[in-house]
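Hi,

Here is the structure I promised to pass on. Have a look first, and my notes follow below.

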Amino acid sequence: ITRQVLDKLAKPKPGSHKGDNGILTIIGGSRQYHGALVYAVESASRFVDLVYVHSPAKENNEIIRFLKKRSAECIVISRSQLASVVEKSDCVLIGNGLALTQANKHLVNSLLKKYSDKKFVLDAGALRLCDKKLFHDNIIGTPHAKEFEALFGCKASQNEAFMQARKWNCVVLLKGQTDCVSDGESIYCNTTGNAGMTKG
């Protein structure tokens, strides 16, 4: 991944207004895990105009409300608000710290099914709960090696990232010492990571 690739990323226009530069819904966290959700909210708040956050674990919503007081630009939403917020979002990030429960499995797959034209980033718990038959070209899966094997049933490798992206018509971001990103037509590698990325 070179400067030429990064230069293609959208940049906020000087005359843009709130919401013009991205609306993201983040769904994640559990009673056991909140760190990944907090990191996702903090990171997204740096480059997305509006960040909506929902956690099936109520404890996490209190953590996010506290985070909001410090710096992060985010809005905590309830389950009943989720459908209307996803509808207006440009993208949904789902899975960071999400518990592996039947209720969450239903949540992940019902969203993928209902919003088949929506951009989704699937991470962590969502990768172990999702139905691959619901994948489409607006889905980005972000597995590490073990999640890749659990999701696709084969050993993680650069070639397999390419093959599985092609087979399931999605984008695969295989995380590792070298990250591999493929849409099944081309593949890019990122070597700029470090051991600090193992956190959270």
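Which residue in β5 does V92 stand opposite? The residue is F120.

Before the rest, some ground rules. This is a predicted model, where local features need pLDDT of at least 70 and side-chain atom pairs count only at pLDDT 80 or more, while totals for chains, interfaces and linings use all residues. Residues are numbered from 1 along each chain as its sequence is written, and side-chain values use heavy atoms, with hydrogens and water left out.

Now the strands (DSSP runs of E, at least two residues, numbered from the N terminus, as are helices, which are runs of H or I with at least four). Strands pair if DSSP finds at least two bridges between them. β4 (residues 91-94) and β5 (residues 119-122) are parallel, with four bridges. β5 also runs parallel to β6 (residues 139-141), joined by three bridges. F120 turns up here too, with I139 as its bridge partner in β6.

Then there's the second largest pocket, at about 240 Å³. A pocket is an open set of points on a 1 Å grid over the protein atoms alone, where a 1.4 Å probe fits, with protein on both sides within 12 Å along at least five of seven lines; lining residues have an atom within 4 Å of a point. Volume is the space filled by probe spheres set on the points, which are joined across faces, edges and corners. Of its 18 lining residues, H54, S55, P56, A57 and K58 are the closest to the centre. Helices α3 (58-70) and α5 (102-114) each give two or more residues to the lining, and α3 has the largest share, three residues.

Cheers
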